[in-house]
Amino acid sequence: MASEVVLLHLLHSPFATRVRIALAEKEVEFESREEDLSNKSPLLLKMNPVNKQIPVLIHKGKPICESLIIVEYIDEVWNHKSPLLPSHPYLRAHARFWGDYIDKKIYPIGRMLWASSDHEEASKKELIEIFKVLEGELGDKPYYGGDTFGFVDVALIPYYAFFHTFEMLGNFSFEAEFPKLVSWAKRCMQKTSVSKSLCDQHKVYEVVLELKKKLVVE
Ligand code: GS8
C-alpha cells in the first residue's frame, strides 16, 4: 500500500460519499479501492475487524472507521482549508448533534422501506417526519451551519442520491413536500466536491431494487 491516503469504499454508499466529499473539499488525493461487500477484501477485514464495514480511510497505514468520525479526522488533519466543523465548542456540539440525528434516523428508516413490506406505511410516515425536522433545522439558511458548507451538509447531502428512491418507494414528492431542502441540495450540488462524489440517483434506485428483490426472496 504505497499511497499515503487510501479509501475502502463503495460508490453508492451514503457513508462513503461523505468521506469522498470531505477529501474533495480539502483537495486530498487518495487511492480508491472499491469493495465487493459479498466478498470483503482481506484488507477491509484487517483494517476494520470490529464492524467489517466500509468506509475505511487508511492514512499512513493506519485505519480510521465510521464515516462521521472519518470526516472529523479529515477536518482536523487537513485543517489548512475549508473548515467543516465550526470553531466554537457550542456550535461544534450542535453540528455533531445533527450528524448523529441523521445517522440514527435516515438510513435505518429508509432501509425499512425496502427491506420489509410489513411496515411500509409507518416507515413512509416516519421518513417524512424526519425530513420535516431536517427542513425545519435548515430554515432559511443557505447551509446547515450558516453561510458556508460544513459538517452537517456533508452528513446529509449523500442522501440526495436517495431522494428518487425514497419518492418511488414512499410515493411522495420532495419538491412538493420539502422545497427548501431541495433548493439546499441543488445549492450543494453546485459544488464540484459534492457533484463529483454523489452516485447517480437512478443507479441508487437500481441497487435498492436489486436489494429489495433479494430480501423478498430470502
Ligand atoms: C455505517 C457504514 C455501513 O453501513 C458509518 O460508516 O457511518 N455507521 C457506519 N456500511 C455498509 C455499506 S453502506 O450500506 C457496509 O459496509 N455493510 C457491510 C456489512 O455490514 O457487512
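Let's start with Glu31 and Arg33, which form a salt bridge with the closest N and O atoms 2.9 Å apart. By salt bridge I mean a side-chain nitrogen of Lys or Arg within 4 Å of a carboxyl oxygen of Asp or Glu. Glu31 is partly exposed at 24% relative accessible area, and Arg33 is partly exposed too, at 31%. The cut-offs there: buried is under 20% relative accessible area, exposed is over 50%, and partly exposed is in between, with a 1.4 Å probe and protein chains only.

Quick housekeeping before I go on. This is a predicted model, so local features need pLDDT of at least 70 and side-chain atom pairs count only at pLDDT 80 or more, while totals for chains, interfaces and linings use all residues. Residues are numbered from 1 along each chain as its sequence is written, and side-chain values use heavy atoms, with hydrogens and water left out.

Okay, back to the charges. How many salt bridges does a search of the whole structure find? It's 12, and I'll show you two others. One of them joins Glu129 to Lys132, with the closest N and O atoms 3.3 Å apart. Those two sit three residues apart in helix 5, residues 120-138, so about one helical turn separates them. When I say helix or strand, I mean a DSSP run, H or I of at least four residues for helices and E of at least two for strands, numbered from the N terminus.

Buried or exposed, where does Lys213 fall? Lys213 is exposed, at 53%, whereas Glu210 is partly exposed, at 45%.

We have an open sheet of four strands, order 2-1-3-4, with mixed pairing. Its edges are strand 2 (31-34) and strand 4 (62-65), each of which pairs on one side only. On average, neighbouring strands here are turned by 20° against each other, direction ignored. For the angles, axes are lines fitted to C-alpha atoms, for helices over the stretch in contact, and they run from 0 to 180 degrees between N-to-C directions. As a reminder, strands of a sheet pair through backbone hydrogen bonds, either parallel or antiparallel. To count as a pair, two strands need at least two DSSP bridges between them.

Have a look at strand 1, residues 5-9. Four bridges join strand 1 to strand 2, and those run parallel; another set of four joins strand 1 to strand 3, and those run antiparallel. For some landmarks, Leu7 stands opposite Ser32 in strand 2, and Leu8 stands opposite Arg33 in strand 2. That's the Arg33 from the salt bridge with Glu31. Towards strand 3, the bridge partner of Leu8 is Val56.

Which way do the side chains of strand 1 point? Val5, Leu7 and His9 go one way, Val6 and Leu8 the other way, and all are buried. Helix 1, residues 14-25, lies across strand 1 and strand 3 (56-59), at about 155° to strand 1; contact there means heavy atoms within 4.5 Å. Together, strand 1, helix 1 and strand 2 make a right-handed β-α-β unit. Right-handed is when, with the strands pointing away from the viewer, the path from the first strand over the helix to the second runs clockwise.

Last topic: rings. The structure holds 17 aromatic pairs. Rings of Phe, Tyr and Trp (its six-membered ring) pair if their centres lie within 6.5 Å; planes under 30 degrees apart are stacked, over 60 edge-to-face, and the rest tilted.

Take Trp98 and Tyr101: centres 5.2 Å apart, planes at 65°, so edge-to-face. They're three residues apart in helix 4, residues 89-115, about one helical turn, and both are buried. Then there's Phe131 with Phe163, also edge-to-face because the planes are at 80°, with centres 5.7 Å apart. That pair links distant parts of the chain, 32 residues apart, with Phe131 in helix 5 and Phe163 in helix 7 (residues 163-170). Phe131 is buried at 0% and Phe163 at 5%.

And finally, ring pairs link a cluster whose members include Phe131, Phe163, Phe15, Tyr107 and Trp114.
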